[in-house]
Amino acid sequence: MNSNQSLKSWDVVIRAGILIPMDGKVPHLNLNIVPESLYSFDKGIAIEGGKIVKIDSWKNIQNQLESGQKTRDFVDASHCIVLPGLINAHGHLPMTLLRGLGDDLPFLQWLNERILPLEGRLVTPEFVKLGTELACLESLQNGVTTVADMYYFEDEILQACKKSGIRALLGESVIDYPVPDDLKKDGSCFEIALRTLEATRDSQTLHFSIAPHAPYSCSDETLKKVLAFSEKQNCLIQIHVSETEGEVAESLKLHKKTPLKRLHDLGLTRRPLLMAHCVHLTDEEIEIAAKHNCAIAHNPESNMKLGAGIAPLGKFFKAGVTVGLGTDGAASNNDIGLFGEMDTAAKLQKLAQKSNTALRAVDALWMATRGGAKALGLEAITGSIEVGKQADIICVSKDFPHLQPLHDPLSALVYAARGNEVETVFVNGKKLVSDFKCRSIDEQVLFGTLSDFRKTRQF
């Protein structure tokens, strides 16, 4: 760096008490990795133009500042664990407005008698904007800086995400049945998809995908249309796959193929494919996923709540399949934070595989950061704290009784943290949360609007 560059003002400097960059080797493929090698103490991070431009010891950064290097903002996170923003690899953001409706019902009754009728009656552009804004608030305050969404009126969801500043992979839903944004089944969903795509072209934080709902809700003809759209627009495909045993049985009955085998034979695996759930993949399908670089969004709490089963993560990892961590929608979880999801994911695999090393803290954190970024096709820009990547960073205060004494920060984050410890959040270098409060969304105004909305709707 020459003298002129060194005197150019940084936008932000963060002093990190403990830094967990999540860079380097993929932790879950290295059982011999030493946890202490994954974090360091008293580091400095400089951000400029939305990107990380320098990572060094705090002493060196401080010396530069004292020697004339300028910064417009300084965040003292010396009492914090600083790490990449968490990435929610699967969800339905507007469904925050359906939180707690239809709990503890059998899956098909929950879906067909409660959720689908509610969506048919309630889902409008106003509904999705309000639900998305609530989801963005909840996500950011819980350290989630990137979300993958698939729902209706995705162009309206985009506006709420843009307002909040969150990073989002937006997926317009495609399904064979009449749905709120395509009641006449005249292709309105593809028109919305094109509007959403156009609105993301010059955005640094909003990314586009197309999202056929599931193999069981999309005909071969519909899936071929999605494939052609994905190829023409060069976009990722999001889809639910093999969430329940019943889904697999029905696919075998109707198509003589398991769900992913059917998608593969139709050609969808030649495109970037992000598959949610995958609880009941066969060994053949896992091989297909690995060979064709399909990614999986693992949603343990939703799978547990709906009685879907436990995904075989050990087989996924052994085959080399990329796995991110998701929450699903708030109607089937009921929160969309990832700290609890990491804890559940790790403990559930230990139980299922009867092995305490089946999924370690570092593996869960990898899924929620680097794994999620790779699954969403965003690994080049987010998922780790490295020079050149966009500054999606969270600072987790360790000044809470349940995080003391802090023997192992990785363990504390996964097995003890709850999300309310997130003090500061940056997305693309912009400070969206400070002093534990979201600055891009007015919480009181939002809650007031939500209260008025509920008074005029029959939930």
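Tutor: Let us begin with names. Helices (H or I, at least four residues) and strands (E, at least two) are DSSP runs, numbered from the N terminus. This is a predicted model, in which local features need pLDDT of at least 70, side-chain atom pairs count only at pLDDT 80 or more, and totals for chains, interfaces and linings use all residues. Residues are numbered from 1 along each chain as its sequence is written, and side-chain values use heavy atoms, with hydrogens and water left out.

Student: How do I look for empty space?

Tutor: Rolling a probe the size of a water molecule over the atoms shows where empty space is left. The search uses a 1 Å grid over the protein atoms alone. A cavity is a set of points where a 1.4 Å probe fits but cannot get out. A pocket is an open set with protein on both sides within 12 Å along at least five of seven lines. Lining residues have an atom within 4 Å of a point. Grid points are joined across faces, edges and corners, and a volume is the space filled by probe spheres set on the points.

Student: What is the volume of the largest pocket?

Tutor: About 780 Å³. It is lined by 36 residues, and Leu111, Leu116, Ile175, His213 and Tyr216 are the closest to its centre. Helix H3 (107-122), strand E6 (144-151) and helix H8 (245-255) each give two or more residues to this lining. The largest share comes from H3, with 9 residues.

Student: Which residues lie nearest the centre of the second largest pocket?

Tutor: Leu236, Pro272, Lys374, Ala375 and Gly377, out of 22 lining residues. Strand E8 (206-212), helix H10 (283-291) and helix H14 (361-375) each give two or more residues to that lining. The second largest pocket holds about 360 Å³ of space. Its lining has 14 nonpolar, 6 polar and 2 charged residues.

Student: How many cavities of 30 Å³ or more are there?

Tutor: The count is 1. The largest cavity has about 50 Å³ of space. Its lining includes Asn88, Gly91, Val147 and Ala148. E5 and E6 each give two or more residues to it. By class, the lining has 5 nonpolar, 4 polar and 1 charged.

Student: Now the sheets. What holds strands together?

Tutor: Strands of a sheet pair through backbone hydrogen bonds, either parallel or antiparallel. Here, two strands pair if DSSP finds at least two bridges between them. Strand E11 (residues 295-298) pairs with E12 over 4 bridges. There, His298 is opposite Leu325.

Student: Which way do the residues of E12 point?

Tutor: Thr322 and Gly324 point one way, Val323 and Leu325 the other. All are buried, meaning under 20% relative accessible area, where exposed is over 50% and partly exposed is in between (1.4 Å probe, protein chains only).

Student: What is the order of the other open sheet?

Tutor: E3-E2-E1-E4-E13-E14-E15-E16, which is 8 strands with mixed pairing. Strand E3 (51-57) and strand E16 (437-438) are its edges, each with a single partner strand, so one side of each is left without a neighbour in the sheet. Strand E14 (residues 422-427) and strand E15 (residues 430-434) run antiparallel, joined by 3 bridges. Val427 has Lys430 as its bridge partner.

Student: Where is Lys437?

Tutor: In strand E16. Lys437 is partly exposed, with a relative accessible area of 38%. Lys437 and Ala148 are 289 residues apart along the chain, and their C-alpha atoms are separated by 23 Å.

How values were computed
Nonpolar A, V, L, I, M, F, W, Y, C, P; charged D, E, K, R; others polar.
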